[in-house]
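Okay, everyone, let's get going.

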Amino acid sequence: MEKKLRNICIQGLGFVGSAMAIAIAIARKEDEPIFNVIGIDLPTTNGKKRVDSINRGIFPFKSNDKDIAISLKRIKKQGNLRATTEPSVYSEADVIVVDIHLDISFHEDVPQLDLVPLKSAIKEITRFITPETLILIETTVPPGTCEKIIAPYLYKEVKKRGIKENTIYLAHSYERVMPGKNYLKSIIDYPRVYSGINEKSAEGCQEFLNEILNTEKY
């Protein structure tokens with residue numbers, strides 16, 4: 001019987017999101033892939049180009065890291081990474097990783113944080129998310145954002161669909177990548193911090209990251 005892989009959705013196929021999708025797809029146990037990865041982007045011109053590129057096995061950005069191209073070709077043969085602009089795939093996810101860009105502008109030297117895109121992204125997820133799913137925010141956000149903004153908004157939206165808030169898990173582990181020829185390795189071979197909105201969320205996040213990152217050395 002063929003082993004069923006856990007489904008991981010990556011929201012946002014920018015450079016970091018696309019690289020993270022590869023890092024998750026190459027994770028292996030006993031020389032077999034662990035995850036089925038689905039990258040999701042907006043149905044804009046750029047979003048469609050990124051989706052098409054990933055589906056053809058081509059990284060959608062210029063990169064000095066040869067491992068990215070090599071890994072993506074291997075994943076293409078494995079068949080455990082695809083991309084789409086269709087948000088209904090969130091209903092298939094065991095874990096949803098949010099990797100969208102967050103803009104910070106300045107007005108008279110005062111930082112202005114625009115959280116509208118992030119809230120829109122979370123709302124799109126809540127339209128299709130199912131119970132027992134972990135949402136992992138990798139976007140770098142100011143302290144308190146997950147607890148005071150994302151969590152209340154998330155739980156309010158899923159409640160409208162009759163989903164109990166204690167069945168949706170929320171965690172944060174900001175990405176810290178090193179541009180250059182070792183970009184992909186910097187995702188896997190680098191220490192991470194993480195936190196969960198509650199104990200079960202934190203445990204789920206730790207379990208997920210343990211399967212991707214080189215925790216024996218980092």
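Arginine 6 has a relative accessibility of 28%, so it counts as partly exposed; on the scale here, buried is under 20% relative accessible area, exposed is over 50%, and partly exposed is in between, with a 1.4 Å probe and protein chains only. Before I go on, this is a predicted model: local features need pLDDT of at least 70, side-chain atom pairs count only at pLDDT 80 or more, and totals for chains, interfaces and linings use all residues. Residues are numbered from 1 along each chain as its sequence is written, and side-chain values use heavy atoms, with hydrogens and water left out.

So what does arginine 6 pair with? Its side chain meets that of glutamate 211 in a salt bridge, 3.2 Å from N to O. By salt bridge I mean a side-chain nitrogen of Lys or Arg within 4 Å of a carboxyl oxygen of Asp or Glu. The pair links distant parts of the chain, 205 residues apart: arginine 6 is in strand S1, residues 6–11, and glutamate 211 is in the segment after H7. Helices here are DSSP runs of H or I with at least four residues, strands are runs of E with at least two, and both are numbered from the N terminus. Glutamate 211 is partly exposed as well, at 26%.

How many salt bridges are there by this rule? The count comes to 8. Another one joins the side chains of arginine 28 and aspartate 31, at 3.3 Å, N to O. There, arginine 28 is partly exposed at 32%, while aspartate 31 counts as exposed at 56%. Then there's arginine 82 with glutamate 92, at 3.5 Å. Arginine 82 sits in strand S5, residues 81–84, and glutamate 92 in the loop between S5 and S6, 10 residues apart. Both partners are partly exposed: arginine 82 at 35%, glutamate 92 at 36%.

Aspartate 99, in the loop between strand S6 (95–98) and strand S7 (104–107), is buried yet has no salt bridge. The nearest side chain of opposite charge is arginine 192, 7.0 Å away; for charge, Lys and Arg count as positive, Asp and Glu as negative, and His and the chain ends are not counted. Setting aside residues up to four places away in sequence, aspartate 99 touches a group of residues including Ile10, Met20, Glu138 and Glu175, where contact means heavy atoms within 4.5 Å.

In H7, residues 199–210, the buried residues include Ser201, Cys205 and Phe208, along with Ala202 and Leu209. Why do they end up on the same side of H7? They cover an arc of only 130° around the axis, the arc being that of the directions from the helix axis to the C-beta atoms.

Helix H2, residues 45–55, has Gly47, Val51, Ser53 and Ile54 buried. Those fall within an arc of 165° seen down the axis, so they line one face of H2. What covers them includes helix H1 (15–25) and S5. The face of H2 turned away from that buried side carries the exposed residues Thr45 and Lys49. And just after H2, glycine 57 takes a positive phi of about 80°.

Notes. Expected span 1.5 Å × (residues − 1).
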